[in-house]
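Trainee: I am new to reading structures like this one. Could you walk me through some features, giving me the general idea before each case?

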Amino acid sequence: MQRYSLLKAGGALIFICGFVALLFRNDPLPGVRRAAMRHRLKTEKIQQGVVKRDFRNPVDTKAKEEESPTGKKNAGRLYTFELTSLEGGATGKVEIQTRPSWAPIGVERFHELMDEKFYDQAKFFRVVDDFIIQFGINADPAKKKPEKISDDPVVQTNSRGTLTFAMAGKNSRTCQLFINTRKKGNAFLDEQGFAPIGECSLDDTLWPGHSSINSGMEYVDMIYDGYGEKPDQGQIQTKGNAYLDKNFPLLSYISSSYREDAAAGADSEGAQP
């Protein structure tokens, strides 16, 4: 009798174990498992998004709304620098097209300074052969230096003919700029955070009647380079052009600047001074 009871209990145990194994194999709660998987994947995506998302405040820049005479948005503005005291005493013009999609913060600052005629009479005080030409310190030392602006992410390489703000570290751009002159470009500046704001190579589909390839770069190449990097920026800041005229009289400079597209009514913000 006792043997029979043991056999009966063993059979019941085997049956229960088999039933449990069958349940696990058939997954009685597939919906719960799939929901758990979906939740885990969703959580992972959210976490990844936090790393990649840019939480900076939107840039309140009017430059984004510019349009060309052909009606195309984000065309930026078209400016002309008249250059004087080039090699051999020559003069010339360089046209600069700003690119808000490249660097909206930098473009807005450049527009503000151009509206103020900030660069008129400014000299090209630093000329490094096959690299860059730098300018942007106001001719009048009494002119207040603008506040620093935040950095733009670099989305466009520093190719030949591009215009870029100089900087001395993170979020340090003010008013100094340089033109990239190296024929192969200065791509290594991209990794250092130098974001081009425009170029001397125009898109003739945006600006009818203007040349489209390296507009004025032939004159940029004629900017006097005999002094190299000798002018002292601290002295320029303190004494302005008086210091440069006395010590570096052959420096090339911007005799005047103006906006080419203003007369065409290309400004979607309204009339500009």
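Mentor: Gladly! Let's start with a definition: two strands pair if DSSP finds at least two bridges between them. Keep in mind that this is a predicted model. Here, strand β3 (residues 126-128) and β4 pair in the antiparallel sense over three bridges.

Trainee: Which residue of β4 is the bridge partner of Arg126?

Mentor: Arg126 has Gln134 as its bridge partner in β4. The two strands make a hairpin with three residues between them, and Asp130 in the turn has a positive phi of about 55°.

Trainee: With which strand does β4 pair over four bridges?

Mentor: That is strand β6 (residues 177-180), again in the antiparallel sense. You can follow the pairing by its bridge partners: Ile132 goes with Asn180, and Phe135 goes with Leu177.

Trainee: What holds strands together in general?

Mentor: Strands of a sheet pair through backbone hydrogen bonds, in a parallel or an antiparallel way. In this model, eight strands form an open sheet with antiparallel pairing, in the order β3-β4-β6-β5-β7-β2-β1-β8. Its edge strands are β3 and β8 (253-259), each of which pairs on one side only. From one strand to the next, the twist averages 25°.

Trainee: Which helix packs on the sheet?

Mentor: Helix α3 does, touching β1 (78-84), β2 (92-98), β5 (162-165), β6, β7 (196-199) and β8. The direction of α3 makes about 55° with that of β1.

Trainee: What does Lys123 touch?

Mentor: Leaving aside residues up to four places away in sequence, Lys123 touches Gln134, Phe135, Asn241, Leu244, Asp245, Leu251, Ser252 and Tyr253. With one of these, Asp245, the side chain of Lys123 makes a polar contact, side chain to side chain, at 2.5 Å.

Conventions:
Residues numbered from 1 in each chain as written. Predicted model: local features only at pLDDT ≥ 70, side-chain atom pairs only at ≥ 80, totals over all residues. Heavy atoms only, no water. Polar contact = N/O pair within 3.5 Å; in protein donor to acceptor, adjacent residues only side chain to side chain. Contact = heavy atoms within 4.5 Å. Axes fitted to C-alpha atoms, helices over the stretch in contact; angles between N-to-C directions.
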